[in-house]
Amino acid sequence: MIDVSRRFLALLLLTLLLLPLTAAEGDRNGWEDENSLAWEYGFESGFISTSALFTGEEILVRTSGDAQPAVTGFDLTGEKLWQRFNNHSSNNDMSPLVHVPAGQGDCGVWPEMVLVGWTDGRIEALLPSSGELFWSKQSEVAGWGVTGEFALDGEFVIVPTRRGIGQYCLADGEQQWWTQTGLGWRNGVSVGESGYFVGDESGVLWHVDRMGESLSYPLELGKIRHPPLFTDAGLVVHAQAMHSSTIAIIDVSDGSVSQQFPAGSSPAKPSLQGAFLVTGDSSSLRVFSCAALCQQVGELPFHTNGELRWLEDGRVIVPSNTPDSNWGLFAFDEFDNLTFTSVDVGIYGFGTAAPLEFIANDKVFTVFGNDQAVLRVFSRAVEQELQ
C-alpha cells in the first residue's frame, strides 16, 4: 500500500511545478481481495440515498422512497435494534444523519444523540441505542421541509430549511433564531470563523453570522446543492446548471469568484481530505490540490451524482448512479497516475449514498447501500491496514 503522506507530498510538489498528471486505469481490484461479506439486510422497498452512520456502537441507516421513510438501528452483527418511521414525510428524505456526542452548554445538557431532518420540516434528536425521541421541533415547510446537511457549532445545530437557516440548541431543540435565505434543495450549511455559509437554487451564496444577520453573493453559476467547502484557496462550490456545472473557488471576504473550472452535468457532492478536493459529475471524477490556488491533479471518466467518500488510506470510493452500476475506487499509483477499479459488492443499479468505513472490534467495516434498498456490510482484519 502506498504511503499516504509521501504520495500527498509528491502530488503537491508536482502541482506546484505545474507538471501534468496522466490518468491510468487499474486492472486489479485489491478491495475485493481484502474484504469479505459480514452480513446484509434487505429493506422491503424504498432506497438508501445517504451514507450510513456509525455511533461507536450502532450502525444507523435512513431509508426513503416508496417505503415508509425511516431510520433503522443495527448492531455490528446485523441484528435490527430499532426502527423509527415518519408517516408524514414526503419521501424525499436526503438530509444526512448527524451524530452528536454528549455535552453541555449555556442552554443546557444533552446526551449522545443522532439528529434527523425530515421533509415534513420536523427536526428530531434520537437516542442511538434505542431510537427513543429526546426532542422534536417543527421547522418551516414550503413544498418540502429539511433536505440539506446540518452543521454543529458548539452547543448549537445549524439547520438549513427550505427558505432559510436556523440555529437550534442541542439540549432542547429550542430555536435561537431563523434567517430567510433563498429557496433551497439539499443545500447543506458549513461553519466558518465568521459564521455560516449556505447556497440556494438560484445560485446565491449566503453568509449568515452567529447573530443571524445575512449577506448574499449572487454567483450566477447554477444551483448550489451541497455544503460549501473551506480550503486554503477559498470556499469551494460545485454549481449545477442545465447541462453542465462549474467548480468555483470563492473569496469569502467579498464573495468574488477567484477560480472556476467547467465540469459535466449533475454534480456530485464534493469532498475534502486535507488540501485535496474530489469532485464528480455525470462525466468524470476529478482530484484537485488546493493550496494558494486549486490545481487539478487527476481526472478519469466516471458517472457519479451522489456522495463521495475519502478512505483513511487516501483512496476515494464512490457510487455510480447508472442502471447497472457497481462502485468506483480511485487511487494514485507509485507514478502519481490516477487509477480506477470497479468494486463489485453484489448490489447493482442507481445509487447516491457513499459507503461508510469505520473500525470496531479489531475489524474494518464498510457499509454499502443504494436505491435497491439492500444494505451490505463487509469487514477485514485491522492488521491488513499495516501491510
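The accessible surface of the protein chain comes to about 15900 Å² (Shrake-Rupley method, 1.4 Å probe), and 50% of this surface belongs to carbon and sulfur atoms. The model is predicted: local features need pLDDT of at least 70 and side-chain atom pairs pLDDT 80 or more, while totals for chains, interfaces and linings use all residues. Residues are numbered from 1 along each chain as its sequence is written, and side-chain values use heavy atoms, without hydrogens and water.

Of the 387 residues in the protein chain, 59% count as buried, that is, under 20% relative accessible area with a 1.4 Å probe, protein chains only. The chain has 2 helices and 34 strands, which are DSSP runs numbered from the N terminus (helices H or I, at least four residues; strands E, at least two). Its radius of gyration, taken over C-alpha atoms, is 20 Å, close to the 21 Å from the globule rule (2.2 Å times the number of residues to the power 0.38), so the chain is as compact as a globular protein of that length.

Strand 20 is joined to strand 21 (residues 234–240) by 3 bridges, and the two run antiparallel. Phe-230 stands opposite Leu-235 in strand 21.

Key
Two strands pair if DSSP finds at least two bridges between them. Buried means under 20% relative accessible area, exposed over 50%, partly exposed in between (1.4 Å probe, protein chains only).
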